Amino acid sequence: MPDHQRQVHNRLAVLRAERGLSRKQLADKLGINYQTIGYIERGDYNPSLELALTIAELFRLPIEAIFSLKPMTPLSEEIFREPPAETR
Amino acid sequence: MNTITTSRIEYLPRSRRRALVAVALAGYPVAVAALAGLKHTSLNRWLILALFLLLLVPTLATLTVSYRYARGRIDGCRARLDERDLTLRQQAYALSHRVLATILIAATAITEIYLTSGNTLQFDANTFWPAAMWVIVYLPALPSLMLAWIETDLPADA
């Protein structure tokens, strides 16, 4: 990844493991090379908006649940996090 | 066998790939310089030729490895390139252009300094062929070499 680019953090590896998909299987569904999945998971390559949206569509999740400019917190923490007091 | 070799080349770490690229780029000029030096010695002509060819072997080997590493991503031989391959190809061509421009500017500057220092440049087959061979060997190979230079290590299979 070029130095001037911001790293895009993602949960691709976790989501792929949850669904029992290999990199090859996911790559075939997305129509890309399997190495590209590895590069995205490692944070070495930022996918295009089109590819990011296709991944979100495939996992049936909003794009911000998969990609973020900030480091991702574990999914379990997000699910079981206490809601703020005023929303209770 | 062929697949195993290709796979090994595919997983070459970047540090090793960069060393190979350096050998590929330096190999031919070193061989030509050695040939020019050996021509003025009393060594047998066949021995000089054998030494020259021996010095060319690492260049040819490293060029072959770089070409294999590119796996059709530069010349478009691979049936389908995804967006990362296309981005990488673009970066490899851009870097090749910068490297080539630097080499040409440096060569022109050195020649200019040499000529303005009162020297004369003899342009004959002895000077033309090494330059022409450099163009023939490196111009088509430069994008593959640059791709091998810039690509980060392949992620481990999972």
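Trainee: Which pattern does chain A follow when read along the sequence?
Mentor: This is a predicted model, and in it chain A runs β-α-α-α-α-α-β-α. That comes to 6 helices and 2 strands.

Trainee: And what is the pattern of chain B from the N terminus on?
Mentor: It goes α-α-α-α-α, with 5 helices and 0 strands. Its C-alpha atoms fill a box of roughly 60 × 35 × 25 Å along the principal axes.

Trainee: How confident is the predictor in chain B?
Mentor: The pLDDT of chain B averages 88, and 94% of the residues score at least 70. Among its elements, helix 4 (residues 83-116) of chain B has the highest mean, 94, while helix 1 (residues 2-10) of chain B has the lowest, 69. For the complex, the predictor gives an ipTM of 0.76 and a pTM of 0.81.

Trainee: How do you know that the span of helix 3 of chain B agrees with its number of residues?
Mentor: Work it out. The expected span is 1.5 Å times one less than the number of residues. Helix 3 (residues 45-70) of chain B has 26 residues, so it should span 38 Å; its end C-alpha atoms are 37 Å apart, which agrees.

Trainee: Where does the kink in helix 3 of chain B lie?
Mentor: At Leu56(B), shortly before the proline Pro58(B), and the kink is about 30 degrees.

Trainee: Which residues of helix 3 of chain B are buried, then?
Mentor: Among them are Thr59(B), Leu63(B), Tyr67(B) and Ala70(B). To be called buried, a residue needs 20 or more other C-beta atoms within 10 Å. In chain B as a whole, buried residues make up 22% of the 158 residues.

Trainee: What makes a group of residues a nonpolar core?
Mentor: They must be buried, belong to a set of nonpolar types, and be joined through C-beta atoms within 7 Å. The largest core here has 20 residues, and those with the most contacts inside it include Val21(B), Ala24(B), Ala70(B) and Leu145(B). Helix 2, helix 3, helix 4 and helix 5 of chain B each supply at least two residues, and the largest share, 7 residues, comes from helix 5 of chain B.

Trainee: What does Leu145(B) touch, leaving out residues up to four places away in sequence?
Mentor: Val21(B), Ala24(B), Leu25(B) and Ser66(B). There is also a second, separate core of 9 residues, which includes Leu26(A), Tyr39(A), Ile40(A) and Tyr45(A).

Trainee: Last one: how many residues of chain A are in contact with chain B?
Mentor: 13 residues of chain A, facing 8 residues of chain B. Helix 3 (residues 34-42) of chain A gives the largest share of chain A's side, 6 residues. By type, that side divides into 4 nonpolar, 5 polar and 4 charged residues.

Key. Residues numbered from 1 in each chain as written. Chains lettered and ligands numbered in written order. Predicted model: local features only at pLDDT ≥ 70, side-chain atom pairs only at ≥ 80, totals over all residues. Contact = placed C-beta atoms within 7 Å. Helix = DSSP H or I, 4+ residues; strand = E, 2+ residues; numbered from the N terminus. Nonpolar A, V, L, I, M, F, W, Y, C, P; charged D, E, K, R; others polar. Buried ≥ 20, exposed ≤ 12 C-beta atoms within 10 Å, placed from the backbone. pLDDT = per-residue confidence, 0-100. Bend = angle between axes of the 7 residues up to and from the residue.
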